[in-house]
Amino acid sequence: MNHKGILVVVSGFSGAGKGTVMKALLNQYDNYALSVSVTTRQPRPGEEDGREYFFRTREEFERLIEEDALIEYAQYVGNYYGTPRSYVEQKLAEGKDVILEIEIQGAMKVKEKIPEALLVFVTPPSIEELKHRLVGRGTETPEVIASRLSRAGEEAEGMEAYEYLLINDDLDTCVRELHQIIQSEHSRSSRNPEFIDRLKAESGTFLKK
Ligand code: ADP
Ligand code: 5GP
């Protein structure tokens with residue numbers, strides 16, 4: 001079978017629980033690597049440079065763009081966010097399934113550049129629950145929450161572009177489902193052309209002449 005990792009792009013409304021689901025996935029299963037993005041937004045209380053994000057100035061971020069050091073980048077509610085290229089390429093080559101937790105414009109750019117990427121969209125069971133989670137998280141001002149909810153309205157328009165929808169109602173169920181989705185992808189015939197060729201060649205020797 002193919003030993004190269006799968007690039008998994010996870011998007012979803014702010015407050016849907018992506019960060020929570022990713023953390024649990026990485027704690028519960030081996031073989032996943034989570035890409036740490038670069039951003040120009042301010043760290044939230046408890047966030048550390050190099051762990052949740054690499055926190056950089058706009059000038060530093062623009063330099064990374066010029067150097068082509070990012071696989072993709074986008075602006076989201078007034079800040080830049082981008083995916084560093086080197087870590088992702090290295091982990092995929094090691095056979096890890098690499099997860100990018102990025103917003104929808106970035107996800108579309110990745111799909112364009114890397115068509116074999118697997119796109120998953122995480123939603124809460126309802127928008128009422130989304131509001132509840134965003135407010136409950138307590139990390140943003142009411143104004144920022146309002147702009148994130150309005151952005152959710154735009155993002156909902158793009159949900160069909162994702163291969164899978166993942167409803168984050170019960171957390172454990174959601175994490176298990178995401179793991180199953182990714183693992184099933186490894187068995188997709190189109191991801192295993194070398195294996196198919198080898199078995200064809202081996203079985204060909206038994207063909208009746
Ligand atoms: P995102 O990364 O998508 O913006 P977070 O992971 O920060 O979202 O989650 C937003 C809030 O919702 C957090 O307070 C988190 O604890 C809570 N949350 C996440 N998943 C669930 C769930 N399955 N059930 C209830 N609350 C959840
Ligand atoms: P937050 O500020 O809540 O951490 O993230 C805001 C949004 O930016 C989320 O939808 C998150 O998935 C997205 N995001 C985080 N990193 C990246 C990235 O590297 N690229 C893109 N395009 N979006 C990102």
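Predicted model: local features only at pLDDT ≥ 70, side-chain atom pairs only at ≥ 80, totals over all residues.
Biologist: Which residues are closest to ligand 1, and which helix gives the most to its shell?

Modeller: The closest are Gly15, Lys18, Thr20, Arg137 and Asn168, out of 13 residues around the ligand. Helix H1 gives the most, with 3 residues. Helix H1 (18–28) and helix H5 (127–137) each supply at least two. The space taken by ligand 1 is the largest pocket.

Biologist: How do you know that Glu72 makes a polar contact with ligand 2?

Modeller: A polar side-chain atom of Glu72 lies 2.7 Å from a nitrogen atom of ligand 2. The limit is 3.5 Å, so the pair qualifies. The backbone takes part as well. A polar backbone atom of Gly82 is 3.0 Å from a ligand 2 oxygen. For Glu101, a backbone N or O atom lies 3.2 Å from an oxygen of ligand 2. On its own, ligand 2 has 510 Å² of accessible area, and the protein covers 96% of this.

Biologist: Which residues come nearest to ligand 2, and which strands supply at least two residues of its shell?

Modeller: Ser37, Arg41, Tyr53, Tyr81 and Glu103 come nearest, among 16 residues around the ligand. Strand E5 (70–76) and strand E6 (79–84) each supply at least two.

Biologist: Glu103 also pairs with Arg151. Why is this called a salt bridge?

Modeller: The closest N and O atoms of the two are 3.1 Å apart. A salt bridge needs a side-chain nitrogen of Lys or Arg within 4 Å of a carboxyl oxygen of Asp or Glu, so Glu103 and Arg151 qualify. The pair links distant parts of the chain, 48 residues apart. Glu103 is in the loop between strand E7 (97–101) and helix H4 (104–113), while Arg151 is in helix H6 (residues 142–156). Both Glu103 and Arg151 are buried.

Biologist: Is Glu185 buried or exposed, and how do you know?

Modeller: Its relative accessibility is 3%. Buried means under 20%, so Glu185 is buried.

Biologist: Why is Arg188 not called buried or exposed?

Modeller: Its relative accessible area is 41%. Exposed means over 50% and buried means under 20%, so Arg188 falls in between and is partly exposed.

Biologist: What makes the pairing of Arg188 and Glu185 a salt bridge?

Modeller: Their N to O distance is 2.8 Å. The cut-off is 4 Å, so the pair counts. Glu185 also forms a salt bridge with Arg191, at 3.0 Å. Both Glu185 and Arg191 are buried.

Biologist: Which residues do salt bridges with shared partners join into one network?

Modeller: Arg41, Arg44, Glu47, Arg137, Glu140 and Arg148. The structure holds 20 salt bridges.

Conventions. Residues numbered from 1 in each chain as written. Chains lettered and ligands numbered in written order. Heavy atoms only, no water. Helix = DSSP H or I, 4+ residues; strand = E, 2+ residues; numbered from the N terminus. Buried < 20%, exposed > 50% of the residue type's maximum accessible area, 1.4 Å probe, protein only. Near = heavy atom within 4 Å. 1 Å grid on protein atoms, 1.4 Å probe; cavity = no way out; pocket = protein on both sides within 12 Å on 5 of 7 lines; lining within 4 Å. Sits in = over half its atoms within 2 Å of the grid points. Polar contact = N/O pair within 3.5 Å; in protein donor to acceptor, adjacent residues only side chain to side chain. Areas by Shrake-Rupley, 256 points an atom, 1.4 Å probe, with all protein chains shown as cover.
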